[in-house]
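Dear colleague,

Please find below the structure that I am handing over to you. My findings follow it.

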Amino acid sequence: MTARERIAGNVAGYVDDRTGGAKWMKKNLQKVFPDHWSFLLGEICLYSFIILLLSGTFLTFWFDPSMREVVYDGVYEPLQGVKMSAAYASALEISFEVRGGLLMRQIHHWAALIFMVGIVVHLMRVFFTGAFRKPREFNWIIGIGLLTLGIVEGFLGYSLPDDLLSGTGIRIAEAIIQAIPVVGSYLSYFAFGGAFPGLAFIPRIYIVHVLILPGIFLALITVHLMLVWYQKHTQFPGPGRTEKNVVGYPLMPVYMAKAGGFFFIVFGVTAFLGAVASINPIWLYGPYNPGQVSAGSQPDWYMGWLDGLVRMAPPLETYLFGYTISWNILIPGLILPGIMFTGMALYPFIESWITGDRREHHLLDRPRNAPNRTAIGAMALTFTLVSLINGGNDIIATTFDLTINQMMWFSRIAIIVLPPIAFIVTKRLCLSLQRADRDLVLHGRETGRLVRMPNGEFVEVHEPISPEKAWLLTSHEQLAPLELPEHDGAGVRRPAAIRNKIRNRISRAHAVAVPKATESERRELEGHH
Ligand code: HEM
């Protein structure tokens, strides 16, 4: 043993005697993780969150969350002598006078965008592969919580500098709060500490943005990852992979090295974007003034769909018992997002209610093998995409020489018509892909080689696929639809007859599938060839 090894051993022994950590480490560092590129999406969220914490901490050293009025006398000439809040002046100072300040602001903003893209794409992979099924329903709900908090945290972040764009966003938030029936105006006064915009809002959202929400994020992400650890990671089906094992690489050294490298890739991309791509150039917008709106005001993309929904709402208002109910804000701003997020959170329970499947699942689905789920996902994405497009209706209209009215009517019609079309087309596509899989198993791969038969007919030579591939294409389960009885043994209609009937119907629609190739069919055809 060299002197260096002896010292390392002594230090490790010293720590282990006092913490008992060696046994725990030995067990956990050997933990196996399955390998698939889509499992890195959660890591992108994690790393961009770390970048957000680090770059955000840097910004807090200079940012002054105060509505105190100052006269700008910094280095940015076009705004010199302009009255503004101390918050806006300090954001300008960070951008122009603090060394590395603009880079940090841009890294922080880019990291927020990447964080939100990461969350949404990670959510999509979890949804489309069925990773949310038992026992991971809680983790799915925590995920929906993280998504919601991410949207709020991002919104509060870009509201802080008190520039014209951020004030315009806060004005919309105020309108949404005020649209809550009966208590709306009281809530708004409570949140703003008086009439809009007031002096209290920016200092308040600052504390929420830098302390309260990051604290909740840290707690939720910790529980999220502990659950992944404890429940083990799901895996795609493959040779040797079962519902009871995990096939992959150990945490140490393979995953540690991969994860460490991947952090620096995410950081590198964020830093590169922060260095070369301008984002939120607040000096061009000017300080917030409730009487002004800059042309082409756009929220960040993860708020764009909400803005788009509000922009397309028809002017519906009811006057009831002395209160005005603004349906045009209430429905797109609160009711629809409420339905969307509750529906997402409850989806794992809804699906297991439809299928009657209460078993644990650790093997993932290929999206095509769950056509109904995949179609529901495509429908929801289409809805969100149409809203997002309408969130940029003014920019699209000016770019493509359209009128705002044309854009609005397109969106109003598209948001009703396109999602069901997306559902039907996706479901058909999934079933066609299932049929293609079936053909592949039964007839083999098309080689592109044509052979002329003695009778003059041309046929294409098919090559059988490997047994592993054939197994992969046929290993999934095809659950039969529910057949809940409407009558009891004595032929009397059950009290739950109508519910059972509806459930049977939905379950039948959910279970539609192209029967997968069976071994006997394969053998029969082999004898044929
Ligand atoms: C702050 C945001 C989030 C972070 C940092 C995060 C992080 C992670 C990580 C590192 C994993 C393991 C690797 C992987 O499967 O990608 C994971 C798994 C998982 N995440 Fe997230 N996630 C976040 C948001 C979400 C959201 C929005 C959802 C869904 C609504 C979600 C649901 C899940 C589920 C169900 C698993 C287990 C997947 C499996 O075992 O296959 N997460 N998350």
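What arrangement do the 6 donor atoms around the iron atom of the ligand make? The arrangement is octahedral, because these donor atoms subtend angles of 84 to 179°. Donors here are N, O and S atoms within 2.8 Å of the metal (3.2 Å for Na, K and Ca), and water is not among the atoms, so sites may look incomplete. Six donors count as octahedral if opposite donors are over 155 degrees apart and all others between 65 and 115.

Please note that this is a predicted model, in which local features need pLDDT of at least 70 and side-chain atom pairs count only at pLDDT 80 or more, while totals for chains, interfaces and linings use all residues. Residues are numbered from 1 along each chain as its sequence is written, and side-chain values use heavy atoms, without hydrogens and water.

H122 and H224 each coordinate the iron atom through NE2, at 2.0 to 2.1 Å. The two lie 102 residues apart, H122 in helix α5 (residues 101-128) and H224 in helix α9 (residues 201-231); helices are DSSP runs of H or I with at least four residues, numbered from the N terminus. H224 counts as buried because its relative accessibility is 15% (buried means under 20%, with a 1.4 Å probe and protein chains only).

Key:
Tetrahedral: all angles 85-135°; square planar, octahedral: opposite > 155°, others 65-115°. Buried < 20%, exposed > 50% of the residue type's maximum accessible area, 1.4 Å probe, protein only.
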